[in-house]
Amino acid sequence: MANFRELLNEVKSEIGETTPEDVRRRLEEGEDVQVLDVREQDEVEGGMLPGARHLSRGHFESRVEDVVPDKSAPVVAYCASGVRSVFAAKTLTELGYEHAESMAGGFTRWRDLGYDITIPRVLDAAQRDRYSRHTLLPEVGESGQIKLLESKVLCIGAGGLGSPALLYLAAAGVGTIGIVDADVVEASNLQRQVIHDTDHIEAPKAESARDAITKLNPDVDVVVYQTRLDASNARDIMGGYDVIIDGSDNFDTRYVINDTAVELRKPVVHGSIFRFEGMASTFIPFEGPCYRCLYPEAPPPELAPT
């Protein structure tokens, strides 16, 4: 029966090995090489190769095809010293990856050579628990959840459209949420504007929404704009966000949002509703039509009651 050293040597003879020097050269030359970190989470927190994807050995076989779907692309696996990555490269080969290699010397050798590393943002224990249903999804994973936490979304309107959107954005862990609304909460709002409650009647809607979000998810940084969005302030308010949600209730505001978003190249998620009818659209500037393309002019007031 072979011992571990003999098994390691046997596997090394069956897979390709490369060096940190070669990996760095290939990355600098722009080669489309997939770098895969197979260390454990606590090791990754100390640094990674720039651009590397993380997948620990514990979930390797079941999830690697989600992390690296292209089996014809060159893949370089690395660990701390170049042992676990040998077996990872062997597994990749067995799964049909055509150009799988292990990086000899691993992260330790890379760091000793003085090459650049990145310190990744990681979820803490409470966040791993809170977002566990997200991170289990291969389409999201921990890296996707971190992107959500680093993203910024502006919601214009905290009424019937904005209320559910804000709650779901907060629950999903969008890290910064801006709220634009100049109105106050009225008792008649509570039938449909689900982010507000009885204790906040006569309070500004933007502040009421902020309080609800903070209770739901303290990870979220809420920025309140207790004002009406118009041509004089739209650019300053919208400029700091990745995505704009248009939950406004009048055409003047919708056209200001659209025109400013086109100027700033910001995607807009638009919603509108009347009685039992509603619509939702996403407008991405210069990749498709904008709101003004669909509706060059506002309809007469009698055809579009608020």
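In the predicted model, E31 is partly exposed, with a relative accessibility of 33%. Its salt-bridge partner is R26, and the closest N and O atoms of the pair are 3.2 Å apart. R26, by contrast, is buried, at a relative accessible area of 7%. Both residues belong to one network, in which salt bridges that share partners join D22, R25, R26, E29, E31 and E101.

In total, the structure holds 19 salt bridges. One of them connects the side chains of R109 and E21, with an N to O distance of 3.1 Å. This pair links distant parts of the chain, 88 residues apart: R109 is located in helix α6 (residues 106-112) and E21 in helix α2 (residues 20-28). R109 is partly exposed at 36% relative accessibility, and E21 is likewise classed as partly exposed, at 33%.

A further salt bridge is formed between the side chains of E28 and R24, at 3.5 Å from N to O. Here both residues lie within helix α2, separated by four residues, or about one turn of the helix. E28 counts as exposed because its relative accessibility of 57% is over 50%, whereas R24, at 34%, is partly exposed.

T135 is buried because its relative accessible area of 16% falls under 20%. A polar atom of the T135 side chain lies 3.2 Å from the backbone oxygen of S132. Beyond residues up to four places away in sequence, T135 touches R63, L123, G141, E142 and Q145.

Note on methods: Residues numbered from 1 in each chain as written. Predicted model: local features only at pLDDT ≥ 70, side-chain atom pairs only at ≥ 80, totals over all residues. Heavy atoms only, no water. Buried < 20%, exposed > 50% of the residue type's maximum accessible area, 1.4 Å probe, protein only. Polar contact = N/O pair within 3.5 Å; in protein donor to acceptor, adjacent residues only side chain to side chain. Contact = heavy atoms within 4.5 Å. Salt bridge = Lys/Arg side-chain N within 4 Å of Asp/Glu carboxyl O. Helix = DSSP H or I, 4+ residues; strand = E, 2+ residues; numbered from the N terminus.
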